[in-house]
Each structure stands twice: as C-alpha cells, then as structure tokens.
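Here's a quick walk through a single-chain model, from the overall fold down to one side chain. Have the viewer open as you read.

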Amino acid sequence: MTLPHFKYHPDPLASGSIKLSEAVCVCCERARGYVYDGAPYAEADDLEDAICPWCIADGSAHAKFDATFADDHHLVGKVPDAVTEEVTQRTPGFSSWQTEEWLTCCNDACAFLEPVGTKETEARYPAALPILRAHFESAWGMDAEEAETMCRSLHRDGSPTAYIFQCLHCRTLHAYADCD
Ligand SMILES: [Zn+2]
Ligand SMILES: [Zn+2]
C-alpha cells in the first residue's frame, strides 16, 4: 500500500510524522498499517497515534474531528488561504518543542523535509548550516561564536532541534530551530 502523496510533506515516514502501526484509525475505522505519530490540534482527546495518513490526505480527519495538524500563524497572510488550508488540514504536521513554524518561500508554503540534529544536517543538508547560523544570530540574538556552537549542539531526538524545509519553486533550503 503506497502512502498518499503530501505536497508539503513529501516523506512523512523519513520525518517520523507517520509511523507503522496496527492501530485502527479512529476516522475510517480501518487498520491501514500506518498512523500519524502524535495528536492533531482538536477537541477530542483520543486522537493520538490514531489517525491514518489517508484520512489526513482526503480531509476526512479534519471534517470529522475539526482536527488540524499544524499551526497557521506563520502561513496566514504569506500564502493563499487554500495553501494554509492544505497544510493545516490535509498535511501531516511534525513534532517540535515549541509551536511549529511552517516556513514559506515564493508565496507558497515550503515542503517540510525532516527534523535534524547536527549529524543529520552535516550529512544530508550541509547547505542548511549557514542558514541555521544566521537564524541563531538573528532570531536568537547570538554572536557568531555562540551560533556556531549551537549548530554543533543540535539533536534530532533531543533539544535543540532544527527543522529543514525546501521551497517547491526555487528549491532553496530553509531551516529554523527550537528548544525545550
Ligand atoms: Zn483513516
Ligand atoms: Zn522559493
């Protein structure tokens, strides 16, 4: 069974947002082999590790539970409303220490690639290192040395963590980091 395609989250297995599971989806009531890792934003409190990717992709989890999978505060006003809706209502989100920020570029939401530590950034996204250095200097108010130290202290499964995005149009990598 092939996972549905998510334009703004192309490999949710690699990012860890979708995982293998025998659980029955609370939305379609079928065990489809995969579920969303974590809980969406919703009133119901029994949605953790319980929604299959197909019910995210076709909007049925949003329709049934009024669930959203990402916060819209970094999207509204920067991208068309239809894009904000696709990202928040029909795309798997990602777990982060603080409220997630979905980055934008070229008037569109970027594709979220994966959470990374220093090791993964150096191995797979070396171009993101100067972006993160600049992020630590501008958003975290660090000097160059502190920013460099922070770039070497990132953990995919610890804190701080960096999040890698890529523009679907100009292909530029974008990244930010947060901590607990
Ligand atoms: Zn389902
Ligand atoms: Zn772009």
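The chain's secondary structure amounts to seven helices and seven strands, where helices (H or I, at least four residues) and strands (E, at least two) are DSSP runs numbered from the N terminus. Going along the sequence, you get α-β-β-α-α-α-β-β-β-α-α-α-β-β. Bear in mind that this is a predicted model, so to speak of local features takes pLDDT of at least 70, side-chain atom pairs count only at pLDDT 80 or more, and totals for chains, interfaces and linings use all residues. Residues are numbered from 1 along each chain as its sequence is written, while chains are lettered from A and ligands numbered from 1 in the order in which they are written.

Some whole-chain numbers:

| Property | Value |
|---|---|
| Radius of gyration | 17 Å |
| Box along the principal axes, C-alpha atoms | roughly 50 × 35 × 30 Å |
| Separation of the domain 1 and domain 2 centres, C-alpha atoms | 22 Å |

The globule rule gives 16 Å for 180 residues, close to the chain's 17 Å, so the chain is as compact as a globular protein of that length. (The radius is taken over C-alpha atoms, and the rule is 2.2 Å times the number of residues to the power 0.38.)

An automatic or database domain assignment sets the bounds: domain 1 covers 7–95 and domain 2 covers 97–180. Their contact takes 15 residues from domain 1 and 15 residues from domain 2, a contact being C-beta atoms, placed from the backbone, within 7 Å. On the domain 1 side, α1 (12–15) and α4 (81–90) each supply at least two residues.

What about the core? The largest nonpolar core has 44 residues, and I51, F112, A162, Y163, I164, F165 and A175 have the most contacts inside it. Such a core is a set of buried Ala, Val, Leu, Ile, Met, Phe, Trp, Tyr and Cys residues joined through C-beta atoms within 7 Å. Both domain 1 and domain 2 give residues to this core, so it lies between them. F112 touches Y8, H9, S15, F94, W102, Y163 and F165, leaving out residues up to four places away in sequence.

Finally, F136 sits in helix α6. F136 counts as buried because it has 22 C-beta neighbours inside 10 Å; the cut-offs are 20 or more for buried, 12 or fewer for exposed, and partly exposed in between, with C-beta atoms placed from the backbone. Beyond its neighbours within four places in sequence, F136 contacts M142, E146, A147 and M150.

Note on methods. Two residues are in contact if their C-beta atoms, placed from the backbone, lie within 7 Å.
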